[in-house]
Amino acid sequence: ASSFSLLLLAARGYRDVPFLALVFWAAVRAAEGRRDRSVLALLTVAGLLRPEAWLLGGLFALWRRSPRLVAGALVAPVVWVLTDLWVTGDPLWSLTGTSELAADLGRERGVAKVPGAFAEFVVDALRAPVAVAAVAGLAVALWRLGWRRLVVPLALLGAGVLTFLATGVAGLSILPRYLTVPTVTLCLFAGYAFAGFADLPRGRLRRLWTVGACVLLAGGVTFAVVRMNVVSKLTAELAFLDASHRDLVRLLDTPEVRAGMACGPLTFPNYRLVPDARWYLDAPRGAVRARSDVRPERGVAVFVVGEKALRRFGFADGASPSTNAPDPGFERAVRAGRFVAYTAC
């Protein structure tokens, strides 16, 4: 609840949230000793959303020592590769395309960047009190319960770390989203640090653990009170996104924009608003473009107004700032809130 990044993933409707739900649903069923096929089925569906689940499915199949499960663990990656081949003609497009995009955008890459990024991203996602509790809870759980009883959460944690390491080896962008599984798993160990004393018999150890848990809880509450701006930041971000979307829809519905699109493509400064506009207009790829890719001489050129909107939609890594200025021949046609359309026919 204190993590702005995880709340934003949920609020923006990223696929990370259903992916995490499927992974941890499978983990619970595995820990309870449920049917192996149901566990693998959940991981297969998760693997169609994000490839991090592929490693989890493979580890589960090897753990159960079942050739059938090993074959089942290959379903998600095979479907992914075949989809890439069908759509792009390149079976490894997801890997090569992502790697090339990371290079174009100048994002951090390489295995040397992984250790520092791992610590930074985990603490940033969990926030300091939960991160401290997670480390303490992991140590105490290993001491009290042993690794055999923790094989499922340890597998989630280890697979997540290996996946994050693999992104560096593969030359992909090193992003916090690749750490969602180990981050949520660490929350489980943080919970054990807070409440694990309930499993102990009455005595000195239970009293000491209770005091320690109260100290952690007090630190967490203090941290949350000090950083109450997390809630206000989230609501402000959602209000900004909603208002921006409404402005964009109003602009696209104007007669000036529709008439201008009959003369040429609709363009934005970069790729950020292209998917939204194509989705709303139900337009083909060539009808809505980014000026960072192409500068047509006719059509509709949309520009962003306002400092925050310009930072969010007007500029992007790898795109020239010059895309925010009208080309010769384009004249101002209409404005809707944060967006202004110029047309040339």
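**View A. Helix α10 makes the largest contribution to a nonpolar surface patch, with three residues.** The model shown here is predicted, so local features are described only at pLDDT of at least 70 and side-chain atom pairs only at pLDDT 80 or more, while totals for chains, interfaces and linings use all residues. Residue numbers start from 1 along each chain as its sequence is written, and side-chain values use heavy atoms, with hydrogens and water left out. The patch is formed by L55, L59, L162, L165 and V169, which together have about 410 Å² of accessible area. Helices α4 (52–64) and α10 each provide at least two of its residues. Patch members have over 30% relative accessible area and no salt bridge; nonpolar side chains (Val, Leu, Ile, Met, Phe, Trp, Tyr) are joined within 5 Å, and like charges within 9 Å. Accessible areas follow the Shrake-Rupley method with a 1.4 Å probe, and for residues only the protein chains shown count as cover. Helices (H or I, at least four residues) and strands (E, at least two) are DSSP runs, numbered from the N terminus.

View B. A159 is buried, at 2% relative accessibility. L55, in helix α4, is partly exposed, at 30%. Buried stands for under 20% relative accessible area, exposed for over 50%, and partly exposed for values in between (1.4 Å probe, protein chains only). A159 and L59 are 100 residues apart in sequence, yet their C-alpha atoms are 8.4 Å apart. Contact means heavy atoms within 4.5 Å.

**View C. F164 is one of the residues that touch the most other members of the largest nonpolar core.** α8 (114–126), α9 (128–145), α10, α11 (180–195) and α12 (204–226) each supply at least two residues of the core. Beyond its neighbours within four places in sequence, F164 is in contact with V114, A117, F118, F121, I174, L175, Y178 and L179. Another core lies apart from this one; it has 23 residues, including F268, V274, V302 and V334. A nonpolar core is a set of buried Ala, Val, Leu, Ile, Met, Phe, Trp, Tyr and Cys residues joined through side-chain atoms within 4.5 Å. In soluble globular proteins, nonpolar side chains tend to be buried together.

**View D. D16, in helix α2 (residues 16–31), is buried, with a relative accessible area of 0%.** Setting aside residues up to four places away in sequence, D16 touches L9, R50, R177 and T180. R50 in turn forms a salt bridge with E52, with the closest N and O atoms 3.0 Å apart. R50 is buried at 6% relative accessibility, and E52 is buried too, at 9%. A salt bridge is a side-chain nitrogen of Lys or Arg within 4 Å of a carboxyl oxygen of Asp or Glu. By this rule there are 10 salt bridges.

**View E. Two further salt bridges pair R338 with D247 and D253 with R258.** The side chains of R338 and D247 come to 2.8 Å, N to O. This pair links distant parts of the chain, 91 residues apart: R338 sits in the loop between β4 (331–336) and β5, and D247 in helix α13 (residues 229–252). R338 is partly exposed at 23%, whereas D247 is buried at 8%. For D253 and R258, the closest N and O atoms are 3.1 Å apart. Both ends are partly exposed, D253 at 40% and R258 at 41%. Back in the setting of D16, salt bridges that share partners join D16, R50 and E52 into one network.

**View F. C263 and C345 form a disulfide, with their sulfur atoms 2.0 Å apart.** Taking a disulfide as a pair of cysteine sulfur atoms within 2.5 Å, the count is one. The link of C263 and C345 is right-handed, with 95° about the S-S bond. It joins distant parts of the chain, 82 residues apart: C263 is in the loop between α14 (255–261) and β1 (266–268), and C345 is in the segment after β5 (339–344). C263 is partly exposed at 32%, while C345 is exposed at 64%. C187 is in no disulfide, and its nearest cysteine sulfur, that of C214, is 20 Å away. C187 is partly exposed at 34%. C214 is likewise in no disulfide, and is partly exposed at 48%.
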